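Good morning, and thank you for making time for this item.

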Amino acid sequence: MSTFSGLNTAYSGLVAARKGLDVVGQNISNANTVGYTRQRVTTSAVGSLAETGQLTGGLRVGEGVSVDGIARLGNAQLDAHVRNSAAAAGYTAVRANSLSSIETSLNEPGENGISAKLDEFWAGWQELSNGSDSATPAALLLSTAGELTTMIAQGYQAVSTEYSSVRGDLGSMVSELNTAASQVAALNVQIRTTLATGGSANELLDQRELLTTTISALTGASVVAQSDGTVNVLIGGNALVSGGTASALTVSGASTLDDAMGGSAVTLAWADSARTSAVTIDGGEIAGALTLLATEGDLVTAAQGYNAFAENLAKGVNDIYKTNDDKTNFFTFESGNAARSLAVIPQTGSAVHSGNSANGAYDGSIADAIAQLGAGKAVDVDGNPVVSPNTTWSDFVSTIAVATQSELQQANLASTTATYASSQQLANSSVDLDEENVNLLMFQTAYQGAARVLTAVDEMLDTLINRTGLVGR
C-alpha cells in the first residue's frame with residue numbers, strides 16, 4: 001500500500017464508521033415507533049489492487065472498507081406468522097364480540113330475564129285459577145303478560161340492533177381494506193423505484209408490512225414477495241394488490257335484519273365490473289362478519305329462535321285458552337314475525353277467562369291448565385305431552401350460551417397465538433437500546449481510530465514532502 005493510498009483507506013474507515021453512527025442514530029430515534037424494524041450497516045473489505053510487471057512491490061494489503069448497504073433486520077417467516085395469527089384472531093374476535101352481546105341481552109339467568117318473567121306468568125294463571133272471583137289476579141296476570149311480550153320484543157330488537165351494528169362495521173372494514181390496498185400499491189411503486197436506483201427503502205418496507213398485516217387481519221390475505229421488491233396481496237387466490245395496481249371491493253345486500261330474514265344475502269364483489277370472479281374471504285374480521293350476517297348465520301338464527309319461542313308460547317296458551325265460552329285467543333301474533341308482534345288480546349281483567357260458565361261461576365280449569373303448561377304437565381286433546389314454552393326458551397338460551405362460550409374460547413386461544421407471534425416478531429426486529437449503545441461506542445471508537453490513522457498518514461506525507469533532504473542541515 002502506497003502512502004497516498006493509505007489516506008483513502010483511512011477515509012473509507014471514516015465513512016463506514018460515520019454511516020454506522022447514522023444508522024444507530026436512526027434506530028435510537030425510532031425505538032418507540034410502531035412497526036419500525038431495526039437496521040444495521042453492512043460492510044465488506046476492499047481487496048488490494050492487482051499488480052503486474054517486474055516492478056511489483058510484493059504482498060499488498062487491502063484498500064479499506066466498502067459500505068454495501070443498510071440491512072433491515074426483519075424475518076419473513078415471523079412476519080407471515082403474525083399475519084396468519086392476526087387473521088385467525090380477527091375472525092374469532094368479531095364473532096365472539098357479537099355473540100357475547102346477544103348473550104348479554106338475554107339477561108339469563110337472573111330476575112330480569114324472560115325465564116323469571118315466564119315463572120311469574122304461569123304463577124299468575126295459577127293464582128287466577130284459585131281466585132277466579134276476584135278481578136285482582138286477572139289484572140296482575142295481564143300486567144305480567146304485557147311485560148313478557150315487551151321483553152320478547154326487546155330481545156328480538158337487541159338481535160336486530162346487533163345485526164345493523166355488524167352490517168355497519170362490515171362496510172367500514174371494506175372501506176379500510178380498500179384504503180390499505182391502495183396504500184400498499186403506492187408503496188410498491190416507491191419501493192421498486194428506490195431499490196432500482198440503489199437507495200434504501202427500509203422505512204417504506206416497514207410501512208408496507210404494517211398495512212399488509214392490517215389487510216390479513218381483515219381478510220386472511222396472503223402476501224407473495226416479488227423479485228423487484230414489490231409484493232402481491234391475494235385474497236382467496238385473487239389479487240387484491242398486484243405491483244402498483246390495487247383492486248377495490250364493494251359490499252351489497254341486506255342492510256337490516258328484516259332484509260336478511262326475507263332471504264337477502266350480504267355479498268362482496270369487485271368494484272371493477274370487469275372482474276367477474278367471486279370474492280372469497282379466507283378469514284379475518286370480514287369473514288367473521290359475513291358468517292354472522294348470512295341468511296343462515298348466527299344473528300338470523302337467533303332472531304328465528306325468538307320468533308319460534310314467541311309462537312310456541314302463543315299457540316300453547318291459545319290452544320288451551322280458546323276452549324272458553326267465547327272461543328277467543330289470549331295472544332295474537334303475525335306468523336313469521338311473532339316476537340315483535342306478540343300481544344295480549346284481553347285489555348281488562350273482566351275480559352280474561354279462567355274457566356267455562358258451564359262448570360260454574362268460579363271455574364278455574366282453563367287457568368289451571370295454562371299454569372300446568374308452564375310446569376310441563378299439559379297434554380293435548382289426544383293426551384300427548386305438550387312442549388312447555390319454558391323448555392323452548394331454555395333450549396334457545398343454552399344454544400346461544402354454548403355457541404358464545406365456544407367462540408370466546410377460540411378467541412382467547414387465537415388472541416394468545418397472535419400475541420405470541422407479535423412478541424416473537426418484536427424480539428427479532430425491535431430496537432434494543434442497550435445493544436444500540438454498544439454499537440454507538442463501537443462506531444465512535446472506529447471513527448476515532450480511522451481519524452487517527454488519517455492524521456498519522458498526513459504527518460508522514462508532510463515529512464516526506466516538506467522535510468526530505470533537510471535532515472542534518
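A crossing of two helices is called left-handed if the near helix is turned anticlockwise from the far one by less than a right angle, and right-handed if it is turned clockwise. Helices (H or I, at least four residues) and strands (E, at least two) are DSSP runs, numbered from the N terminus. What we have here is a predicted model, in which local features need pLDDT of at least 70 and side-chain atom pairs count only at pLDDT 80 or more, while totals for chains, interfaces and linings use all residues. Residues are numbered from 1 along each chain as its sequence is written, and side-chain values use heavy atoms, with hydrogens and water left out.

I begin with helix H3 and helix H4. H3 passes H4 in a left-handed crossing. The axis of H3 (residues 114–130) comes within 9 Å of that of H4, and the two cross at roughly 160°. That makes H3 roughly antiparallel to H4. Axes here are lines fitted to C-alpha atoms, for helices over the stretch in contact, with angles from 0 to 180 degrees between N-to-C directions; under 35 degrees counts as roughly parallel, over 145 as roughly antiparallel, 65 to 115 as roughly perpendicular and the rest as oblique.

Lys-117 belongs to H3 and Glu-147 to H4, 30 residues apart. Are these two side chains buried or exposed? Lys-117 counts as buried, at 11% relative accessibility, whereas Glu-147 is partly exposed at 35%. Buried means under 20% relative accessible area, exposed over 50%, and partly exposed in between (1.4 Å probe, protein chains only).

The next contact also involves H4. The axes of H4 (residues 135–196) and H5 (residues 202–219) come within 9 Å and cross at roughly 150°. H4 is thus roughly antiparallel to H5, and its crossing with H5 is left-handed. Leu-177 and Val-184 of H4 take part in the contact, as do Leu-211 and Ile-215 of H5.

Helix H7 (residues 284–293) is mostly covered, with seven of its 10 residues buried. Its buried residues pack against H2, H4, H5, strand S8 and H8.

Two features of the loop between H2 and H3 deserve mention. Asn-107 lies in this loop and has a positive phi of about 55°, although it is not a glycine. Pro-109 is in the loop between H2 and H3 as well, and the peptide bond from Glu-108 to Pro-109 is cis, with omega near -10°.

How many salt bridges does the structure hold? The count is 13. One of them joins Arg-38 to Glu-435, at 3.5 Å from N to O. Arg-38 sits in the loop between H1 and S1 and Glu-435 in H12, 397 residues apart. Another links Asp-228 with Arg-192, whose closest N and O atoms are 3.7 Å apart. Asp-228 lies in the loop between S3 and S4 and Arg-192 in H4, so this pair ties together parts 36 residues apart in sequence. Finally, salt bridges that share partners join Arg-38, Arg-40, Glu-435 and Glu-436 into one network.

Conventions: Contact means heavy atoms within 4.5 Å. A salt bridge is a side-chain nitrogen of Lys or Arg within 4 Å of a carboxyl oxygen of Asp or Glu.
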